[in-house]
Protein chains: 2
Amino acid sequence: MTLSTPQQVRPGATLGIVGGGQLGRMIALAAANYGLKVHVYAPDADSPAFDVAAAHTVAPYEDETALAAFADACDVVTYEFENIPHATAAVLSEHATVRPSARALLTTQDRLVEKDFVNGLGIPTAPYRAVETAAELDAALAALGRPAILKTRRFGYDGKGQRSIRAGDDAAAILAGFNGVPCILEGFVPFLREISVVAARGPDGAFAAYEPCANEHRDHILALTRVPAPGLDAATGAAAIDIARAIAEALDYVGVLAVELFEVEGPAGASRLVVNEIAPRVHNSGHWTTEGALTSQFAQAVRAVCGWPLGDTARTGGMAVEMENLIGDAADRWPALLGEPGAHLHLYGKAEARPGRKMGHVTRLVPPQTEG
Amino acid sequence: MTLSTPQQVRPGATLGIVGGGQLGRMIALAAANYGLKVHVYAPDADSPAFDVAAAHTVAPYEDETALAAFADACDVVTYEFENIPHATAAVLSEHATVRPSARALLTTQDRLVEKDFVNGLGIPTAPYRAVETAAELDAALAALGRPAILKTRRFGYDGKGQRSIRAGDDAAAILAGFNGVPCILEGFVPFLREISVVAARGPDGAFAAYEPCANEHRDHILALTRVPAPGLDAATGAAAIDIARAIAEALDYVGVLAVELFEVEGPAGASRLVVNEIAPRVHNSGHWTTEGALTSQFAQAVRAVCGWPLGDTARTGGMAVEMENLIGDAADRWPALLGEPGAHLHLYGKAEARPGRKMGHVTRLVPPQTEG
């Protein structure tokens with residue numbers, strides 16, 4: 001069993017990563033660059049992160065024996081995937097330093113708990129109601145109006161586990177489709193733009209945020225990220241970073257987190273920010289940082305969880321950055337993307353390009369634009 | 001057995017790397033970024049590249065059964081280490097596409113063959129003589145004068161396998177210290193600066209060079225690389241790239257190669273270039289490209305050996321770049337280097353920091369300097 005509270009992890013130590021997808025893979029690549037060994041834990045034998053890790057464990061998230069052995073083999077453990085049972089985080093925490101903490105996971109993996117937490121900080125979210133029964137749904141719809149969005153409290157991502165309820169929709173039937181799992185109804189937010197703040201906090205309380213980016217989704221999946229966010233004024237951008245900092249501090253967060261926000265029209269032509277979602281990990285909207293910032297979000301996550309100084313989050317050479325996701329067969333464009341001058345192609349090593357599956361991304365650094 | 005002549009390797013294919021040191025590790029990281037699987041072959045069970053590869057083989061370079069099995073498992077094979085027996089390259093070539101070719105290795109792994117080849121192209125080197133006996137050494141010293149440098153024809157790197165012979169030195173004793181291995185005596189070249197050209201050539205003949213860099217050695221080991229090379233004029237830089245291209249074309253080279261050159265004072269205040277050494281692989285003097293260029297030399301090597309379009313070699317944002325090697329216990333400075341704004345730290349995951357051992361490097365992008 002390793003020491004349970006190292007203040008600082010040294011190069012040569014082993015970083016454990018829970019989850020084996022592309023986020024884990026890119027954290028592993030960044031960790032290797034710092035001379036760390038990586039051990040990935042994931043249930044799927046075909047996990048992309050295994051291919052770049054010194055060690056891996058294939059086991060379910062409920063296998064406490066495997067979890068304990070994994071944590072014992074690591075000097076510090078982090079996550080690329082937050083939808084794990086609370087018991088998993090608890091077992092890991094008994095055997096290793098786990099960053100971010102089980103409490104941060106617990107708060108952010110449940111939409112209801114997360115929204116209660118954010119509102120408790122005095123930070124607005126969309127209006128919402130907990131919903132488990134048809135009667136509760138009727139009451140929630142009466143309060144929030146239509147359209148509204150019904151979401152499972154847990155395990156949602158990329159539009160999975162959510163359905164819009166519009167005028168004329170059979171709300172009870174939509175709720176029944178969720179098979180009785182606890183849900184939340186969110187009021188519709190007519191936003192001007194979607195932005196996110198990717199930021200890091202160290203065990204010493206140091207905080208560093210990247211510039212807010214603008215995100216465009218297609219079919220509920222992130223399609224394009226742009227930095228600087230076109231049309232976002234400096235004061236609103238600074239306010240978004242203040243929100244991310246307040247959230248990180250309230251969670252006593254250690255690691256990289258992402259806060260997705262909506263900018264909505266406020267009174268008298270002003271705008272205001274509404275928190276949509278917190279991700280307690282590196283985030284797709286931070287992929288631009290690999291080439292676009294002096295420190296990538298993956299390197300930053302390694303620095304934070306190891307207790308190292310946080311890196312510089314400034315943009316590379318002052319260039320504007322665009323990150324385009326390659327979803328499903330969009331990755332078939334790889335030969336053209338390799339031939340595009342200055343385009344930085346990333347592919348995740350996934351065997352099968354299913355529709356909606358994130359297969360890679362491409363980042364482009366472009367001369368700064370005038371106000372978009 | 002895989003197809004022996006793929007024109008193009010697809011993401012998801014397996015890239016074989018012969019040699020398991022930091023160069024192989026960094027090629028593997030670049031390959032993973034393109035969605036390739038990596039299989040590393042090296043004799044040392046503790047090879048740094050194994051930690052970031054999907055598969056590895058621990059076996060001697062003379063194990064033809066292991067070599068054949070390795071090559072059969074790969075779609076294309078390349079090298080991070082050129083000092084392998086010719087039979088090794090020959091066996092690999094029977095079982096897989098090997099890039100660069102066995103012929104390129106054969107030419108560049110022997111200092112005498114290499115110098116004959118370069119001079120045969122009409123490109124100057126230092127004056128040299130083959131030396132195996134004390135009588136040959138006496139004759140060579142009479143022709144080339146002192147000081148001169150006695151080097152083993154093969155297996156030399158970082159000053160290993162070489163000794164200066166100065167006025168008063170016992171030349172025969174120095175030769176005897178090499179235990180009868182074939183040597184070469186090189187005349188002393190009073191150079192103005194040491195530069196190198198890192199370049200790539202694809203199977204279609206496409207060629208792309210990085211700007212020449214200036215190299216400073218300490219104790220025969222590269223200490224510092226700077227780009228642009230201070231004091232190097234544009235015409236000399238272009239001539240250096242022309243030399244690298246001529247060498248690559250004459251070898252029908254596929255992959256990344258580095259050509260080390262001396263700039264020496266020529267007649268009437270002009271300068272001329274002398275080739276010092278060719279490395280048939282990615283090179284320490286190209287490490288600056290990871291952050292300093294739009295395509296790293298490691299990504300470029302992957303592109304070239306896979307038959308993909310070569311990437312853009314321009315410097316990132318027009319910044320000047322410095323790469324400092326971390327030799328031996330210099331890597332103990334890692335906490336300070338992590339805290340240095342804008343410094344990009346790389347550590348190679350080597351367990352033991354022996355004197356003279358390359359443990360990592362740090363790259364700094366700085367505003368372009370005026371003439372240095």
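Visitor: Which residue stands opposite Glu322(A) in strand 17 of chain A?
Guide: Arg364(A) stands opposite Glu322(A) there. Keep in mind that this is a predicted model.

Visitor: How many bridges join strand 15 to strand 17 in chain A, and which way do they run?
Guide: There are 8 bridges between strand 15 and strand 17 of chain A, and the two run antiparallel.

Visitor: What else does strand 15 of chain A pair with?
Guide: Strand 12 of chain A, residues 221-227, is joined to strand 15 by 4 bridges, in an antiparallel arrangement. In that pairing, Met323(A) of strand 15 has Thr225(A) opposite.

Visitor: Why is strand 15 of chain A described as largely enclosed?
Guide: Of its 8 residues, 320-327, 6 are buried, so strand 15 of chain A is largely enclosed by the rest of the structure.

Visitor: Back to strand 17. Where does Lys358(A) lie?
Guide: Lys358(A) is in strand 17 of chain A, which covers residues 358-366.

Visitor: Is Lys358(A) buried or exposed?
Guide: Buried, because its relative accessibility is 14% and the cut-off for buried is under 20%.

Visitor: What does the side chain of Lys358(A) make a polar contact with?
Guide: With the side chain of Asn284(A), at 2.9 Å. Leaving out residues up to four places away in sequence, Lys358(A) also touches others, including Gln22(A), Asp158(A), Tyr348(A) and Lys350(A). Asn325(A), Leu326(A) and Ile327(A) are among the residues it touches too.

Visitor: New topic. What UniProt annotation covers residues 115-306 of chain A?
Guide: The UniProt record, an unreviewed entry, has "domain: ATP-grasp" for that stretch of chain A. Over residues 115-306 of chain A, the chain is 28% helix and 34% strand.

Visitor: Chain B now. What is the order of the strands in its open sheet of 4 strands?
Guide: The order is 5-8-6-7, with antiparallel pairing. Strand 5 (128-131) and strand 7 (162-165) of chain B are the edge strands, each pairing on one side only. On average, neighbouring strands of this sheet are turned by 25° against each other, direction ignored.

Visitor: Which helix packs on the sheet?
Guide: Helix 6 of chain B, residues 134-144, touching strand 5, strand 6, strand 7 and strand 8. The direction of helix 6 makes about 170° with that of strand 5 of chain B.

Visitor: And how many bridges join strand 6 to strand 8 of chain B?
Guide: There are 5 bridges, joining residues 148-152 to residues 183-187. One bridge partner pair is Ile149(B) and Glu186(B).

Visitor: What about strand 9 of chain B, how many of its residues are buried?
Guide: The count is 8 of the 11 residues, 191-201, so strand 9 of chain B is largely enclosed by the rest of the structure. It is joined to strand 13 of chain B, residues 255-265, by 10 bridges, and those two run antiparallel. Within that pairing, Leu261(B) is the bridge partner of Ile195(B).

Visitor: How does strand 9 of chain B pair with strand 11?
Guide: In the antiparallel sense, over 3 bridges, with strand 11 of chain B at residues 213-218. Glu194(B) has Asn215(B) opposite in strand 11.

Visitor: And which residue takes a positive phi in the hairpin of strand 9 and strand 10 of chain B?
Guide: Gly205(B), with a phi near 90°, in a hairpin that has 5 residues between the strands. Strand 9 and strand 10 of chain B pair over 3 bridges in the antiparallel sense, and Ala200(B) stands opposite Ala208(B).

Visitor: What caps the N-terminal end of helix 5 of chain B?
Guide: Asp110(B), through a side-chain oxygen 2.8 Å from the backbone nitrogen of Leu112(B). Buried residues in helix 5 of chain B include Leu112(B), Phe117(B) and Val118(B). After the helix comes Gly122(B), with a positive phi near 80°.

Visitor: Last one. Which residues touch the most other members of the largest nonpolar core?
Guide: Val302(A) and Val302(B), in a core of 118 residues. Leu15(B), Ile27(B) and Trp308(B) are among the residues that Val302(B) touches, not counting those up to four places away in sequence. In soluble globular proteins, nonpolar side chains tend to be buried together.

Technical notes: Residues numbered from 1 in each chain as written. Chains lettered and ligands numbered in written order. Predicted model: local features only at pLDDT ≥ 70, side-chain atom pairs only at ≥ 80, totals over all residues. Heavy atoms only, no water. Pairing = 2+ DSSP bridges. Axes fitted to C-alpha atoms, helices over the stretch in contact; angles between N-to-C directions. Contact = heavy atoms within 4.5 Å. Core = buried A, V, L, I, M, F, W, Y, C linked by side-chain atoms within 4.5 Å. Buried < 20%, exposed > 50% of the residue type's maximum accessible area, 1.4 Å probe, protein only. Polar contact = N/O pair within 3.5 Å; in protein donor to acceptor, adjacent residues only side chain to side chain. UniProt positions renumbered as here; feature names shortened; annotations may be inferred.
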